[in-house]
Amino acid sequence: MARIIVVTSGKGGVGKTTSTAAIGAGLAMSGKKTVVIDFDVGLRNLDMILGCERRVVFDFINVIHGEAKLHQALVKDKRLENLAVLPTSQTRDKDALTRDGVEKVLDQLRDEYDYIVCDSPAGIERGAHMAMYYADDAVVVSNPEVSSVRDSDRILGLLSSKTRRAERGEEPVKAQLLLARYDPARVEKGEMLKVDDVLEILAIPLLGVIPESQSVLKASNLGMPVVLDESSNAGKAYLDAVKRLMGEQIEHRVLAPERRSFFQRLLGRTA
Amino acid sequence: MQHTGRVMPFQIRGRSFTAIVLELTGAADGEFYAALDEKLKQAPHFFMNAPFVLDLDKATGIARSGDMMGLVRELRSRKLSVIGVQNGTFEQNTAALSAGLAPLQGGREVRVEGENAEVDEAFEEEISGSEEAAAVLVTEPVRSGQRIFADRGDLVVVSSVSSGAELIAQGNIHVYGSLRGRALAGVNGDARARIFCQSLEAELIAIAGLYKTSDDLGPDFERKRVQAYLEDDVLRVELLK
């Protein structure tokens with residue numbers, strides 16, 4: 001029986017899709033059968049980040065509307081045999097998502113996979129609501145700045161009231177914080193919120209801190225989840241987060257600003 | 001301790017109230033709700049907004065906070081104001097606390113008047129006319145965008161209130177975490193209502209319609225333990241010692 005994880009944030013552009021791809025790939029690398037689903041109907045991106053956009057024939061919405069079978073729409077990842085992607089439609093909008101339709105698809109996937117990772121669209125409207133409704137766990141992605149944190153807080157309120165678990169009075173959705181685009185140097189200068197500041201406001205467990213890194217953008221553009229880049233700090237941080245998500249106790253890495261060497265300072269650029 | 005001669009801003013008293021005890025004799029399942037709805041149909045007004053205590057002596061299940069919250073939500077949706085539980089197991093009491101209910105002890109039987117179908121008109125009048133206070137207790141963080149309304153008394157939050165959240169109470173507001181959102185006490189015009197908090201970072205505080213925004217409050221009280229009250233139609237904030 002799969003666990004359903006929603007990756008959500010409220011605010012746009014904080015790294016939900018990147019995180020979904022990284023978490024999905026990380027789970028698959030750990031040997032878990034994982035499917036990632038794109039709920040951002042009309043703004044289809046997850047398949048691109050995972051580099052399988054050229055193999056999409058049918059999508060999530062086709063399956064919901066009975067125009068295609070689920071196995072026809074699922075795209076298997078070429079690098080990770082345990083990973084599958086259920087892309088969304090670029091031409092439809094969020095109204096195409098129905099509660100019954102989503103449930104039917106999730107029920108079919110539940111038996112076959114260990115983890116179902118739902119990539120939520122930004123906002124708090126239908127798309128985001130449908131993505132979180134059936135979730136068992138939530139990864140709340142936030143950046144160390146006030147508007148993102150406040151939007152995450154809003155999402156936490158919705159997770160505790162607008163999900164199926166909340167409506168049925170079951171054990172609440174387990175929400176954890178993934179703090180992305182964290183730049184220790186800027187935190188030290190006081191330009192970004194500290195991890196502790198964010199945790200104090202949101203009052204949820206910390207799943208991981210992802211450092212701001214060039215490798216994330218590079219990986220996205222190459223269509224390769226950043227966890228596959230062994231040299232990337234962000235990739236390592238995501239892998240740690242994935243292990244914590246699976247219940248392992250992993251110490252948080254110390255996040256200190258990178259010291260620039262004498263020569264780098266002389267040249268006036270970072271490594 | 002030095003005697004300052006100032007009047008205490010509050011008084012603590014014990015007072016007993018009559019509540020209706022709802023004794024569960026099994027699980028809170030569909031059958032229970034059906035029977036309850038039937039009972040409520042017989043005397044629709046009598047139970048409305050009356051304080052309820054759940055007796056869990058013979059109840060089964062309801063040991064997880066989710067179950068308790070579900071039960072409370074169902075009862076509240078029927079306009080039954082549940083305030084506490086009695087005779088629960090340790091697990092049930094813990095679940096009750098997290099659902100905002102108080103585990104109560106003792107209690108003495110009194111006759112429940114008008115419990116039959118023919119509700120006494122005068123009694124009904126008294127029920128709706130008497131504004132029995134009912135405090136609302138919140139133990140979870142109040143998130144941005146959430147609004148909590150205590151329409152018949154005090155509002156107590158044993159956690160933090162995020163920016164963008166709103167607390168509204170007819171009576172006093174107590175926040176035992178950081179108050180970062182808005183707090184409006186005495187909304188029915190009660191000028192005696194007060195706001196207490198452990199760390200004032202509020203966007204706005206108001207008592208009986210008189211308000212101060214974060215800017216008006218200034219830096220002196222920021223992140224401090226304070227109380228706010230009305231004095232001669234002026235909203236005053238002072239540090240709690």
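This is a predicted model: local features need pLDDT of at least 70, side-chain atom pairs count only at pLDDT 80 or more; totals for chains, interfaces and linings use all residues.
**Entry 1: the interface.** I started with who touches whom. On the chain A side I found 16 residues in contact with 17 residues of chain B. I then looked up the buried area, which comes to about 1,200 Å², with 35% of it from carbon and sulfur atoms. On chain A, the residues that lose the most area to chain B are A:Arg150, A:Asp153 and A:Gly169, together 37% of what that side buries.

Entry 2: How many salt bridges run between chain A and chain B? I get 3. I looked up one that involves A:Arg150: its side chain meets that of B:Glu203, 3.0 Å from N to O.

**Entry 3: what chain A brings.** Helices H7 (146-159), H8 (164-167) and H10 (195-202) of chain A each give at least two residues to the side that touches chain B. The largest share is from H7(A), with 5 residues. Sorting that side by class, I have 7 charged, 6 nonpolar and 3 polar residues.

**Entry 4: the cores.** The largest nonpolar core has 52 residues, and A:Phe39, A:Phe60 and A:Leu97 are among those touching the most other members. H7(A) turns up again here, giving the largest share of this core, 5 residues. I checked A:Phe39 beyond its neighbours within four places in sequence, and its contacts include A:Phe60, A:Leu97, A:Val102, A:Cys118 and A:Met130. There is also a second, separate core of 37 residues, with A:Val36, A:Ile210, A:Val216 and A:Val242 among them.

Key:
Residues are numbered from 1 along each chain as its sequence is written. Chains are lettered from A and ligands numbered from 1 in the order in which they are written. Side-chain values use heavy atoms; hydrogens and water are left out. Contact means heavy atoms within 4.5 Å. Buried area is the accessible area (1.4 Å probe) that two parts lose on being put together, summed over both. A salt bridge is a side-chain nitrogen of Lys or Arg within 4 Å of a carboxyl oxygen of Asp or Glu. Helices (H or I, at least four residues) and strands (E, at least two) are DSSP runs, numbered from the N terminus. Ala, Val, Leu, Ile, Met, Phe, Trp, Tyr, Cys and Pro count as nonpolar, Asp, Glu, Lys and Arg as charged, and the others, Gly among them, as polar. A nonpolar core is a set of buried Ala, Val, Leu, Ile, Met, Phe, Trp, Tyr and Cys residues joined through side-chain atoms within 4.5 Å. Buried means under 20% relative accessible area, exposed over 50%, partly exposed in between (1.4 Å probe, protein chains only).
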